[in-house]
Amino acid sequence: MAMGPQRTPDTGQQGPGDDPLPEQMEDLPGPVLYYNELVLDHFTRPRNVGELPPAETDGFGVVGDPTCGDQLKLWISVRGGRIARIRFKSFGCPGAIATSSMLTELAQGRSLDEARRITDDDVIEALGGIPERKRHCSLLGVRGLHAALSDWEARRASEGTRTDR
Amino acid sequence: MIYLDHNATTPLDPRVLEAMLPYLREAWGNPSSPYRFGQQARAAVERARSRVAECLGCRADEVLFTGSGTEADNLALRGVLRARRARGRHVVTSAIEHPAVLRTCAALEADGCRIDYVPVGRDGVVDLATVEGMLGPDTVLLSVMHANNETGVLQPITELAALARSRGVLLHVDAVQTAGKLPGRLADLGADLVSLSAHKLHGPKGVGALYVRKGTPLDPLITGGEHERGLRAGTENVAGIVGLAEALALACAAAESEAIRQAELRDRLERDLLAAIPGARVNGAAAPRVPNTTNLAFPGVDGESVVVALDLRGICCSTGSACSTGDPEPSHVLLAMGLDPRDAQSSVRLSLGRETRDEDIATVLHALVEVVGQLRAVSSL
Ligand SMILES: Cc1ncc(COP(=O)(O)O)c(C=O)c1O
């Protein structure tokens with residue numbers, strides 16, 4: 001858990017102008033959530049956002065309830081058995097957006113087997129942790145990727161044995 | 001920082017702090033002590049009680065000090081039900097109450113009380129006829145909030161008071177979100193019990209008050225000494241009580257002009273946001289509202305994402321009540337109003353206050369337009 005900056009031994013009173021907040025917020029217990037800098041970076045500048053055009057899409061996944069809660073759409077293109085391009089769009093909280101963004105970074109360039117083995121814990125670890133109550137968000141990305149990979153397999157099966165990809 | 005979350009809490013007014021300091025520094029005696037040093041503290045508590053009574057339009061002995069608005073709500077509900085146990089165990093409340101009332105009702109239900117929850121219409125207002133139909137011979141208490149903390153929608157308290165009185169039912173009103181915000185005196189609403197909280201009106205945290213109309217049956221929840229006429233034991237939070245009285249007096253003195261000023265800023269913000277953000281909607285716009293509150297849905301983006309993105313730009317607002325932040329469930333208030341779950345999830349509350357300035361509104365408008373645009377570019381909806 002990230003701790004606030006070390007305080008030097010009591011140097012006397014804190015004046016009213018001093019900032020009483022630690023530079024880095026802890027993930028404090030209780031109802032309120034604080035995200036770390038890396039999570040906030042992926043939230044404000046998500047990587048691989050967008051869609052792939054149909055012609056370039058080899059697998060597509062959409063996860064989340066159709067009427068409520070978070071939703072994720074994920075597109076992949078596959079070249080030589082690897083994820084060549086990956087794009088996502090997400091309706092959800094900062095945790096959902098940041099974990100989806102990090103997932104795409106982890107999956108990009110991976111073989112399909114490797115991509116399948118990415119877990120929510122891998123995503124969370126790569127982000128340096130997320131608030132406990134947001135752990136379920138990271139599952140959305142992993143499930144979205146699995147849905148896209150399954151879609152790719154289904155498409156390949158229906159196309160017969162095209163081996164050019 | 002631009003702070004637009006005054007329904008969560010407010011900054012302590014420096015004049016309130018000044019009024020409190022003597023009771024933290026010099027006059028720290030126990031109000032129950034027999035010597036003159038203790039009497040100083042006692043006098044401060046009773047002076048505060050009179051000032052609060054004056055603002056509320058009631059007698060001093062109708063004001064009880066509590067440890068919070070939540071405690072005032074608990075005392076009203078549990079205290080009346082205990083005192084009236086022989087008469088009945090049925091409570092009618094609304095579906096949009098603050099958790100301080102809703103969870104207390106759930107606890108009472110577990111203890112064998114019967115609770116009915118009045119629904120609200122799309123406008124966020126309880127329907128009088130439905131309330132009337134729910135009141136029965138064993139109904140002892142009706143509890144409806146004055147203004148909702150998430151939407152600011154005002155409830156028809158005067159009408160509910162007349163209805164309750166005609167049926168011999170006591171009325172409790174959680175006025176935590178209206179005390180000091182609206183002109184007029186809260187005791188004039190006609191309720192038997194009214195809760196308020198100091199930190200929502202530029203007073204200190206951890207102190208509230210319950211107005212109890214003379215003759216209202218009430219049992220204590222906290223027993224011990226004879227403090228607060230035996231209805232709330234515990235050595236008084238003297239500085240906090242003095243702070244509550246000072247804050248309430250200041251808020252009431254400014255209520256009329258502030259209500260006009262904040263409503264003007266709020267209405268302008270809403271108008272400009274609706275014009276600038278396609279699909280944006282104001283939740284509860286059709287009903288009368290407390291002047292400082294707006295609750296907006298930005299379809300396609302998640303409310304918490306908006307709150308965090310605004311926080312990164314130095315603007316504080318919320319997705320609803322502070323207590324439910326981080327809760328994956330959308331607001332029970334917005335769902336009760338019939339919003340679909342995704343629109344409820346896409347809603348944000350901005351609540352203005354005394355230190356909100358004209359230029360803050362322009363800054364917030366600009367930031368919200370940008371943030372919603374950026375999040376919509378990421379959105380899968
Ligand atoms: C309507 C309403 N009732 C009760 C409370 C609780 O007040 P306090 O924070 O003093 O316990 C709040 C504040 O969150 C509120 O908005």
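Domain bounds, as I use them here, come from an automatic or database domain assignment. On that basis I noted that chain B is divided into domain 1 (2-6 + 256-378) and domain 2 (14-250).

Conventions, written down before going further: this is a predicted model, in which local features need pLDDT of at least 70 and side-chain atom pairs count only at pLDDT 80 or more, while totals for chains, interfaces and linings use all residues. Residues are numbered from 1 along each chain as its sequence is written, chains are lettered from A and ligands numbered from 1 in the order in which they are written, and side-chain values use heavy atoms, with hydrogens and water left out.

**Domains of chain B.** I found the C-alpha centres of domain 1 of chain B and domain 2 of chain B to be 28 Å apart. Taking contact as heavy atoms within 4.5 Å, I listed 28 residues of domain 1 of chain B against 28 residues of domain 2 of chain B. For buried area I took the accessible area (1.4 Å probe) that two parts lose on being put together, summed over both; the two domains of chain B bury about 2300 Å² between them, 58% of it on carbon and sulfur atoms. On the domain 1 side, Val290(B), Met337(B) and Arg354(B) lose the most area to domain 2 of chain B, together 25% of what that side buries.

**Chain A against chain B.** The contact takes 28 residues from chain A and 23 residues from chain B, and the chains bury about 1900 Å² between them, with 58% of it on carbon and sulfur atoms. Phe43(A), Lys89(A) and Phe91(A) supply 28% of the area that chain A buries against chain B, more than any other three residues.

**Ligand.** A backbone N or O atom of Gly69(B) lies 2.8 Å from an oxygen atom of the ligand.

**Backbone.** I noted a positive phi of about 70° at His202(B), which is not a glycine, and a phi near 60° at Asn48(A), also a residue other than glycine.

Conventions. Polar contact = N/O pair within 3.5 Å; in protein donor to acceptor, adjacent residues only side chain to side chain.
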